[in-house]
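Take a moment to look over the chain before reading on.

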Amino acid sequence: MDLLNTLVEKGLRRELPTREEALAVLATSDDDLLDVVAAAGKVRRQWFGRRVKLNYLVNLKSGLCPEDCSYCSQRLGSTAGILKYTWLKPGEASEAAAAGLAGGAKRVCLVASGRGPTDRDVDRVSETIKAIKDGNEGVEVCACLGLLSDGQAERLREAGADAYNHNLNTSEATYGDITTTHTYADRVDTVRKAHEAGLSACSGLIAGMGESDEDLVDVVFSLRGLDPDSVPVNFLIPFEGTPLAKEWNLTPQRCLRILAMVRFVCPDVEVRIAGGREVHLRTMQPLALHLANSIFLGDYLTSEGQAGKADLEMIADAGFEVEGAGEVTLPEHRAAGGGCGTRAEAGCGGHGEAGCGGEADGEVDGGAGCGSHAGGGVCGTASVPAAAEPRTDLVAVRRRGAGTDVAPNA
């Protein structure tokens, strides 16, 4: 297919595809799907080999958020039966992180619900970062605390944070349909603050909220302009008790096409499969590893994920290997500060036109999966409905790990 050959050549040169080419990837047929995966896989292997980076979420403060993001189970007005608790102490958070690190994670993502941190909150998180780093040499720490005020990104960097996550989530044109308590521009401002403070920017999207192909391409092109080092791709988990509870719009094939499009547009960026992979990709998860080079291990913020052991087996069975703590994730030109975008040369864009997002490294509370919940989930033996039917049986509220007395899933 001429389209795929062109996209591979552009990806190997870190050249931006046209919008028409990106839209064409999303419009490919199921008959062409394996060809699309193989083509995007060539670009992924060029920049990341067969390594898979593991990340681990620690939900520092769950629920009770004043923002009205429609996709979020922690939102204002949500009736989802999620865990609700205030700030974990640094020792508690460090203990929670240790489980993920023992399972092979090299990055810990510290997430807190809310519009944004107070200065006291930044102090709390700074103490937590120190506690985690004191006990785990070489660990990466990413903070996700919402909208940042002036000086807060610098304080987090001084405390030892390596990265900051704030997701763009959806296109600028449709942002107001998803959230009304803050703006797209607010998110842009926070990612810029993280960039300027010297933090590695992490910003991604949520697919499956009823958006069009054009919206998806808008989001990803904006992210290319934002120039993050990592792009988490979330697939909406329609939590009962949230406004988007009935939005079951994704198939495994659709998810793979979205991941391929993201890889072609941002070829040398850490593309992370985040919340919802178990629910929407299901048995097609191994194919997604040919497109993304990063996943989350274990559970998400408010929902259960696939068992950590199953994640590790999946990676090995698919012919990939877990990225070691001593390995550098990004290609040399990015790791050296060149960036994915036009900050230094070519690549994923010159930041200045995109936004970010916020709640949790894109994983938000939209991740669910197999885990050990009733019904078997991905790994269970329950009868499987047709692909077009809602898989509500795969959405399980997290009842273990951070904020509970039950051992985490890692």
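Two residues are in contact when heavy atoms of theirs lie within 4.5 Å. Keep that in mind as you look at this predicted model. Residues 24 or more positions apart account for 79% of them.

The chain is built from 14 helices and ten strands. It has 410 residues, and 62% of them count as buried.

Now go inside. In soluble globular proteins, nonpolar side chains tend to be buried together. Here the largest nonpolar core has 93 residues. Val58 and Leu156 have the most contacts inside this core. Helix 10, residues 252-265, gives the core its largest share, nine residues. There is also a second, separate core of ten residues, with Val111, Cys142, Phe296 and Tyr300 among them.

Which residues does valine 58 touch, leaving aside its neighbours within four places in sequence? They are Leu88, Ala93, Ala96, Ala97, Val108, Cys109, Leu110, Val111 and Ala402.

Next, find leucine 148. This residue sits in the loop between strand 3 (140-144) and helix 6 (152-159). Is leucine 148 buried or exposed? Its relative accessible area is 6%, under the 20% cut-off, so leucine 148 counts as buried. Beyond its neighbours within four places in sequence, leucine 148 is in contact with Pro117, Ala153, Leu156, Tyr164, Asp189, Thr190 and Lys193. Look at the last of these. Lysine 193 is 45 residues from leucine 148 in sequence, yet the two are 7.4 Å apart in space, C-alpha to C-alpha.

With a relative accessible area of 2%, alanine 22 is buried. Leaving aside its neighbours within four places in sequence, alanine 22 is in contact with Val217, Phe221, Met261 and Val265. Leucine 216 is 194 residues from alanine 22 in sequence, but 9.4 Å from it in space, C-alpha to C-alpha.

Now for the empty space. Rolling a probe the size of a water molecule over the atoms shows where empty space is left. The largest pocket has a volume of about 300 Å³. It is lined by 17 residues, and those closest to its centre are Arg107, Glu140, Asp162, Ser200 and Leu330. What classes of residue make up this lining? Nine are charged, four are polar and four are nonpolar.

The second largest pocket holds about 210 Å³ of space. Its lining includes Leu88, Glu92, Glu95 and Ala96, along with Gly401, Ala402 and Pro408. By class, this lining has six nonpolar, three polar and three charged residues.

About 100 Å³ of space lies in the largest cavity. Of the 14 residues that line the largest cavity, Tyr56, Leu57, Tyr300, Arg398 and Ala402 are the closest to its centre. Strand 1, residues 51-61, gives the most to this lining, with four residues. The lining of the largest cavity has eight nonpolar, three polar and three charged residues.

Technical notes
Residues numbered from 1 in each chain as written. Predicted model: local features only at pLDDT ≥ 70, side-chain atom pairs only at ≥ 80, totals over all residues. Heavy atoms only, no water. Helix = DSSP H or I, 4+ residues; strand = E, 2+ residues; numbered from the N terminus. Buried < 20%, exposed > 50% of the residue type's maximum accessible area, 1.4 Å probe, protein only. Core = buried A, V, L, I, M, F, W, Y, C linked by side-chain atoms within 4.5 Å. 1 Å grid on protein atoms, 1.4 Å probe; cavity = no way out; pocket = protein on both sides within 12 Å on 5 of 7 lines; lining within 4 Å. Points joined across faces, edges and corners; volume = space filled by probe spheres on them. Nonpolar A, V, L, I, M, F, W, Y, C, P; charged D, E, K, R; others polar.
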